Amino acid sequence: MVVPARRVQRRVTLTEIAQALGVAPSTVSRALSNPNRVSPEMYERITSKAHEMGYTSALLPAAENRLARGTIALVLPNLTNPFNLDVIRGAQAQIRAASYLHLLVSTEESLPMEEQWLREMARTVDGIVVSSPRIDDEALRAVAQIAPTVTINRGAPGLSGIVIDTPAGLAQAVHYLNSLGHVRIAYVRGPHGSWTDHTRYEAITAAADEQGVDLVAVGRYQPTLANGAAAADAVVLTRATACIFFNDVLAIGALDRFRQLGVSVPHDLSVVGCDDIFGSSFSHPPLTTVTSPGESAGRAAVDMLIGRFSTRDRAERIDHISAHLTVRDSTAPLQR
């Protein structure tokens, strides 16, 4: 087998650059990933030595004979949720338009796998976009210190990213359900460690308190159709007349199970999902959900990352994308 030359060529490390300059590796890392954290003189010393030693990074000009300008990794929790496929489409379009290579990684909802892959990729790719990361803020910041990193649906001090305002859309859902007469609403929660679930739950709780609605939190579920069916059994026990699910995958999985249990949607129970994935408009019944523009988020995240390649400004920044409630046939006025 013939191995491409770039794969066998030894990569100059940050530690080697630091040793050549007599500074700490962390100083080199800060200069190349966050220039504002070192003096202009130190930045020039480090980048000059990096060029001299052949260090390759998207923060430095690409070699003239490269077909691609660099490599961007897109890291997602799974490839089964259609929302993530929307993110991929948007990100991939922007990556291709900017002449970068695209590395797609699924962490299979595994926190240890996510942390390991992010740490390893930070030293081999030019930049990272990570969607709905599960690892803690400190670990994410450590990755961002090594390679430019942008998050989707994760806000934390020291990190930059794109946040879709689904919590506001779900608060809107609570107000809408209450206007239909529902005063006891269940919320089926998402995975442990999910920042997205945490922010959605906070928004739903605040809206329920404001409206005088009795809110019942149900479980913690990985977003699969099978888990949606399992959650449906738990929802029935709450005696709620309406239910909001962490996302559409769980909600659609629950719809089939409700039919098996003899629970009519929306006459016995109103159901709301989140994300407006492909399939939610022709589920049975069509699902009321919060429309969340995943493709736009993917494009915006890549634009933000590439913008950081060409500027020395590494200040943290969070951009918001709006979301809204889309009403379909899975919700109806409370049957007295």
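Helix H5 (82-97) and helix H9 (195-211) each supply at least two residues of the lining of the largest cavity, helices being DSSP runs (H or I, at least four residues) numbered from the N terminus. A cavity here is a set of points, on a 1 Å grid over the protein atoms alone, where a 1.4 Å probe fits but cannot get out, and lining residues have an atom within 4 Å of a point. This is a predicted model, in which local features need pLDDT of at least 70 and side-chain atom pairs count only at pLDDT 80 or more, while totals for chains, interfaces and linings use all residues. Residues are numbered from 1 along each chain as its sequence is written, and side-chain values use heavy atoms, with hydrogens and water left out.

**The cavity**

- The structure holds one cavity of 30 Å³ or more, and the volume of the largest cavity is about 160 Å³, a volume being the space filled by probe spheres set on the grid points, which are joined across faces, edges and corners.
- Of the 16 residues that line the largest cavity, Asn81, Phe83, Ser132, Phe246 and Asn247 are the closest to its centre.
- The lining of the largest cavity is made up of four nonpolar, eight polar and four charged residues (Ala, Val, Leu, Ile, Met, Phe, Trp, Tyr, Cys and Pro count as nonpolar, Asp, Glu, Lys and Arg as charged, and the others, Gly among them, as polar).
- Domain 2 (71-164 + 294-322) and domain 3 (166-292) each give at least three residues to this lining, with domain bounds that come from an automatic or database domain assignment.

**Helix H9**

- H9 has 17 residues and reaches 25 Å from its first C-alpha to its last, close to the 24 Å expected at 1.5 Å a residue, where the expected span is 1.5 Å times one less than the number of residues.
- Thr196, Asp197, Thr199, Arg200, Ala203, Ile204, Ala207 and Ala208 of H9 are buried, meaning under 20% relative accessible area, whereas exposed means over 50% and partly exposed lies in between (1.4 Å probe, protein chains only).

**Helix H10**

- In H10, Gly228, Ala231, Ala232, Val235 and Thr238 are buried, and because they fall within an arc of 120 degrees when seen down the axis, they line one face of the helix.
- Ala226 and Leu237 are exposed on the other side of H10.

Terms used
On a 1 Å grid over the protein atoms alone, a cavity is a set of points where a 1.4 Å probe fits but cannot get out, and a pocket is an open set with protein on both sides within 12 Å along at least five of seven lines; lining residues have an atom within 4 Å of a point. The arc is that of the directions from the helix axis to the C-beta atoms.
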